[in-house]
Amino acid sequence: MTRLILATRNPGKLVELQEILAAAALAHELVGADQYPEIPDVKETGVTFAENALLKAHALAQATGLPAVADDSGLSVDVLGGAPGIFSARWSGRHGDDRANLDLLLAQLSDIDAPHRAAHFTCAAALALPDGTERVVEGRLTGTLRHAPEGSNGFGYDPIFQPDGDDRTTAELSPAEKNAISHRGKAFRALVPVLRELLPAAP
């Protein structure tokens, strides 16, 4: 079994990716960066999701000597010119404070009517090998933003994001339903053939 290290300490994201890769019948062992606490977090200095994903993947591959998978994802709101975008996880000024980020965004959109609340999630998923080989792919999910949170599944902005074609938020979907349509699910399914190509030991 090929061990892959995932450049995140977010347990929700780790479980999501384990489920996506398992559904694709890949036998890789996926471990989180929390298994290597001595490795510092990587500064996300890129200006695109792809740049940040590659920064994290390369840093972890070099530090561990293992193939590393990283993603950078976020929410882009049309009426805000694409913001929060790459700043989604720290929109409120505190990195990873999901509730504060969500509350701030809702406050900023409080006067915006439903027809103008279009948004999309983007995920860039990157694979980096210790020898410097890299690949990056992207996935997107379009939808609209609710005026109040609904649902208790998922994380981040899921409770206010309603995918096109559904009347529920992504936080109201089951994990399997969400993975089937999500930006992260699309990106990591697109990464599966890359894993098979570059890590041929994987079934």
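1. Helices (H or I, at least four residues) and strands (E, at least two) are DSSP runs, numbered from the N terminus. Please keep in mind that this is a predicted model, in which local features need pLDDT of at least 70. Residues are numbered from 1 along each chain as its sequence is written.

2. Now the strands. β1 (3-6) and β2 (29-32) run parallel and are joined by four bridges, with Leu4 opposite Leu30 in β2. β1 also pairs with β3 in the parallel sense, over two bridges, and there Ile5 stands opposite Ala68. Pairing requires that DSSP find at least two bridges between two strands.

3. On to the helix: which residues of α1 are buried? They are Lys13, Leu14, Glu16, Leu17, Ile20 and Leu21, where buried means under 20% relative accessible area and exposed over 50% (1.4 Å probe, protein chains only). Seen down the axis of α1, the buried residues fall within an arc of 165 degrees, so they line one face of the helix; the arc is that of the directions from the helix axis to the C-beta atoms. Pro11, Ala22 and Ala23, on the other side of α1, are exposed.

4. Lastly, a backbone detail for your next look: Ala83 and Pro84 are joined by a cis peptide bond, with omega about 0 degrees. Pro84 lies in the loop between β3 (68-77) and α3 (98-108).

Notes:
Predicted model: local features only at pLDDT ≥ 70, side-chain atom pairs only at ≥ 80, totals over all residues. Heavy atoms only, no water. Contact = heavy atoms within 4.5 Å.
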